[in-house]
Amino acid sequence: MNVTLAIKRFNPETDSEPRIQNYTVEVQPTDRILDALINITQNQDGTLGYRRSCAHGVCGSDAMRINGKEKLACKTLFQDLVDQNPETGNAAAAPATIEIEPLRHMAVQKDLMVDQGPFFAKFRAVKPYFVPAAATPERGEYIQSPEERELFDEATKCINCAACYSACPILDKNPDFIGPQAIVNAARFIFDSRDAGLEPRLDVLDTKDGVWPCESHFECTRVCPRDIKITKLINFTKREIKKYRAARGEETAEQK
Amino acid sequence: MILVQEFDAIIVGAGGAGLYAALEASTTARTAVVSKLYPQRSHTGAAQGGIGAALGNVEEDSPEWHAFDTVKGGDYLVDQQAARILAEDAVRAVYDLENRGLPFSRLPDGKIAQRRFGGHTHHFGEGPVHRSCYAADRTGHMILQTLYQQCVKNDVQFFDEYQVVDLLLEGTTVRGVVLFELKTGELHVFRAKAVLFATGGTGRMFKITSNAISNTGDGPAILARAGIPMEDMEFYQFHPTGILGMGILITEGVRGEGGILKNSKGEHFMETYAPTMLDLAPRDMVSRAIMTEVLAGRGIRGDRKIDDYVWLDASHLGRDVVEQKIPDIADFCRTYLGVDPAEKPMPVQPTAHYAMGGIPTDVDGRVDTGKVVYEGLYAAGEAACVSVHGANRLGTNSLVDLIVYGRRAGRHIAEYVKNASSPAAGEADADRAREQLQRLRNRKGGRHVGPIMERMQEVMMEKVGVYREQKEMEAAAADVRKLREEFQEVAVQDHGAGFNSEVLQIMELENLLDLSLITAESAANRTESRGAHSRKDFPERDDETWLRHTMATLKGDQVVIDYKPVDVSIWEPKPRTY
Ligand SMILES: Cc1cc2nc3c(=O)[nH]c(=O)nc-3n(C[C@H](O)[C@H](O)[C@H](O)COP(=O)(O)OP(=O)(O)OC[C@H]3O[C@@H](n4cnc5c(N)ncnc54)[C@H](O)[C@@H]3O)c2cc1C
Ligand code: SF4
Ligand code: FES
């Protein structure tokens with residue numbers, strides 16, 4: 001079937017503002033959006049810019065807005081977007097148009113490529129690495145029960161694709177909010193029985209731009225391609241901070 | 001503006017091998033990690049099934065059995081002392097990763113969980129053993145994330161989205177590298193006493209592959225063009241279970257958990273091919289078994305074409321096992337096939353997966369051709385050939401290789417740079433790369449990369465695939481030569497400076513073409529069947545003539561072949577049955 005990709009393009013070297021360019025490509029219903037983008041750059045127009053690598057949803061390179069929603073281009077098939085004749089499996093008569101735009105809340109570098117620098121800086125700020133609670137075992141592993149392991153399983157799945165960061169409505173009004181992904185990656189350690197947990201990360205999380213700006217809009221959870229229940233993790237983290245402060249008779253940054 | 005910078009050590013590549021080497025080297029040496037991808041996007045993150053180590057958490061196991069399995073799995077083309085180091089050090093490596101926070105799945109007693117994997121046995125082949133340490137089916141993701149987190153913690157210096165395009169040598173001593181910066185389109189010269197190449201796999205030579213689009217063999221190709229021979233390139237692994245038509249991997253862990261392969265008649269055909277190990281025989285054997293079934297008309301379509309397929313059935317394992325042990329596989333199947341593996345079998349076919357061959361190194365990662373050791377030049381990970389995988393790698397042994405040999409290379413570099421003198425390198429060293437770029441940019445009209453890339457991938461898949469024969473491999477080499485000529489007519493359409501990924505893709509295609517030629521020629525030259533190199537016209541292994549490594553040097557459009565002995569100092573080669 002033929003589809004039209006309406007791609008929002010912008011090259012700061014030559015354009016004063018973004019423009020929409022239409023490309024027509026022949027695709028199978030089971031093709032990925034990424035297949036069509038590759039087809040365009042390799043056979044039609046080598047100037048189109050986007051990032052990609054693994055092509056099956058594990059590296060986090062190709063999050064973009066597809067028909068207004070954050071998705072991985074390699075994990076979205078045309079049949080998920082295009083109405084088909086249920087009997088023949090063919091696209092409905094008129095060629096479908098699919099709108100493709102770069103992620104939000106990050107500056108566009110070129111076309112679908114955005115500057116992830118600030119996004120990663122917020123990630124690094126939460127100390128997204130193991131801070132052991134106890135001395136390293138002399139030989140062998142830290143012991144951790146399957147139940148303890150399960151507590152933080154979801155947070156380990158993050159591929160840093162920034163889909164949540166783009167979808168978050170809080171970042172519209174407060175660009176300094178550390179954002180869903182940074183909190184997910186803090187939660188990854190906070191709820192790990194082997195890690196020192198909350199304390200080393202409080203100075204970032206329990207601040208006015210830390211966890212508190214989140215208003216539970218659930219947009220992040222809706223778009224996460226790894227099905228991480230992000231909003232739930234943020235709320236668990238808030239609860240952990242409240243518990244910690246209450247136990248010490250202190251106020252959280254939210255209460256201050 | 002050209003930037004000339006100086007370091008003690010440069011690590012090219014930020015996958016498992018590069019990151020581990022960087023952690024070691026950066027403790028004392030001024031180290032830069034350069035990577036064409038953001039480190040967390042590296043393909044190590046795609047590894048699924050596990051990392052092998054004889055921890056013995058589930059049942060009795062020993063590093064000696066692991067080493068033996070590695071040697072036998074590699075059809076005795078493995079350098080045996082290197083395999084011994086791999087298996088012995090694997091245990092420490094896995095504990096080290098865990099101690100750095102890696103979230104392995106756990107056993108009820110709180111220890112690291114282990115599962116069965118192809119070719120891994122107890123008591124030198126008596127039966128399968130639980131050796132693969134795993135984190136569900138995202139072990140590689142956890143390794144990559146943990147190592148990157150450790151680099152953040154230790155303030156390792158990264159240059160993200162810098163693609164190395166040339167190597168600087170003075171005779172056989174390294175001087176540095178030339179890099180293309182994606183953001184600005186500038187070429188830079190980084191000078192260093194030591195350079196490690198850890199650029200990962202080459203799977204994009206083939207049409208159906210489990211490898212990332214960026215797995216284009218840049219390191220091996222750049223070194224090959226610098227006149228360094230590549231070792232054992234004919235040994236390319238086809239993993240038996242890729243998702244039909246797409247090549248996306250379905251881990252052997254599915255069979256480790258009890259999944260079985262079936263043909264169109266519903267027969268559990270591995271019973272015929274490997275009576276003891278069944279579906280957990282090594283990959284080369286399982287891929288051949290699938291192809292044999294397909295060619296006999298027992299594939300699911302039954303048309304005997306090489307792209308026919310078989311079923312991988314996990315539906316009898318129950319929903320709990322599927323959701324707990326292979327959640328990502330279940331997700332891939334639902335997304336790309338509309339199939340729920342807890343209910344229905346998965347359509348699978350062999351997929352190009354892993355390069356056993358690559359840049360020849362010694363056990364400290366130094367580039368060593370058997371005749372010359374290059375001073376200050378190192379390689380590790382899939383780009384390197386130590387050789388611990390011989391003619392066929394066992395599952396879970398690549399991740400071990402990254403950690404064990406990445407670490408050894410990093411340590412050696414840290415020592416080496418203490419006494420090495422600073423090399424000379426300056427702006428003029430970027431000239432060769434700049435001229436190449438200019439030629440690309442000045443060409444008017446010109447070809448798109450697409451058709452050349454597609455043709456190369458088809459030729460390699462059809463003619464240098466699971467089963468091979470002389471005529472076909474020679475035809476493949478001839479086709480690739482023609483494509484290399486056509487490549488000279490490729491032109492850049494994007495004349496912008498910043499974020500010009502087109503230029504980089506064109507250079508990646510050149511790398512793949514060079515490696516395809518070396519692979520096809522190395523394969524045509526080896527007139528025996530061993531491990532993943534399986535010939536219809538020479539079906540037997542021939543130790544008399546061929547118990548030796550291929551060393552293939554690229555000279556223009558010719559490939560000159562020489563050899564290097566195999567270390568067989570522990571186990572005598574035997575026929576390989578499972
Ligand atoms: C789907 C899949 C599943 C697998 N599962 C397992 C498993 O369960 N167990 C196992 O043991 N093995 C497994 N393997 C194999 C194993 O994952 C890989 O062999 C291994 O991860 C490769 O690691 P690496 O560090 O060598 O390279 P990679 O992780 O691929 O990293 C390469 C790095 O080099 C950089 N780079 C490349 N070219 C350049 C250049 N020109 N300039 C600058 N930087 C460059 C890239 O940016 C990247 O950072 C699997 C492989 C695949 C594809
Ligand atoms: S939490 Fe989900 S959406 Fe956000 S960066 Fe991680 S994987 Fe992407
Ligand atoms: S290309 Fe890796 S997530 Fe899409």
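Residues are numbered from 1 along each chain as its sequence is written, and chains are lettered from A and ligands numbered from 1 in the order in which they are written. Because this is a prediction, local features need pLDDT of at least 70 and side-chain atom pairs count only at pLDDT 80 or more, while totals for chains, interfaces and linings use all residues; side-chain values use heavy atoms, with hydrogens and water left out.

Let's start with chain A. Its C-alpha trace spans about 65 × 40 × 35 Å along the principal axes. You'll find 10 helices and 7 strands in chain A, where helices (H or I, at least four residues) and strands (E, at least two) are DSSP runs, numbered from the N terminus. Of the 256 residues in chain A, 57% are buried. Buried here means under 20% relative accessible area, exposed means over 50%, and partly exposed is in between, using a 1.4 Å probe and protein chains only. Take the contacts in chain A with a separation of 6 or more: residues 24 or more positions apart account for 65% of them. A contact means heavy atoms within 4.5 Å.

How is chain A divided up? The domain assignment gives domain 1 (2-113) and domain 2 (116-247); such bounds come from an automatic or database domain assignment. The C-alpha centres of domain 1 and domain 2 of chain A lie 30 Å apart. Across the boundary, 14 residues of domain 1 of chain A are in contact with 17 residues of domain 2 of chain A.

Now for the inside. In soluble globular proteins, nonpolar side chains tend to be buried together. A nonpolar core, as used here, is a set of buried Ala, Val, Leu, Ile, Met, Phe, Trp, Tyr and Cys residues joined through side-chain atoms within 4.5 Å. The largest one has 131 residues, and A:Leu5, A:Leu37 and B:Ile51 touch the most other members. Helix H11 (residues 397-419) of chain B gives this core its largest share, 10 residues. Domain 1 (2-113) and domain 2 (116-247) of chain A both contribute residues too, so the core lies between them. For a close-up, look at A:Leu5: leaving out residues up to four places away in sequence, its contacts include A:Tyr23, A:Leu37, A:Ile40, A:Phe78 and A:Ile100. Apart from this core lies another, of 86 residues, with B:Val178, B:Leu223, B:Phe499 and B:Leu515 among them.

Next stop, ligand 2. Among the residues around ligand 2 are A:Cys158, A:Asn160, A:Cys161, A:Cys164, A:Cys224 and A:Arg226, counted when one of their heavy atoms lies within 4 Å. By class, the shell has 9 nonpolar, 2 polar and 1 charged residues. For that tally, Ala, Val, Leu, Ile, Met, Phe, Trp, Tyr, Cys and Pro count as nonpolar, Asp, Glu, Lys and Arg as charged, and the others, Gly among them, as polar. A:Cys158 in this shell counts as buried, at 10% relative accessibility.

Most residues other than glycine have a negative phi, and most peptide bonds are trans. A:Asn160 sits in the loop between helix H4 (146-151) and helix H5 (163-167) of chain A, and is buried at 0% relative accessibility. A:Asp111 also has a positive phi, of about 50°; its loop runs between strand S6 (108-110) and strand S7 (113-114) of chain A. Over in chain B, a cis peptide bond with omega of about 5° joins B:Val386 and B:Ser387.

Finally, two residues of chain B. B:Thr351, in strand S14 (residues 346-355), is buried at 0% relative accessibility. Its C-alpha is separated by 5.1 Å from that of B:Phe238, 113 residues apart along the chain. B:Glu544, in helix H16 (residues 543-546), is exposed, with a relative accessible area of 78%.
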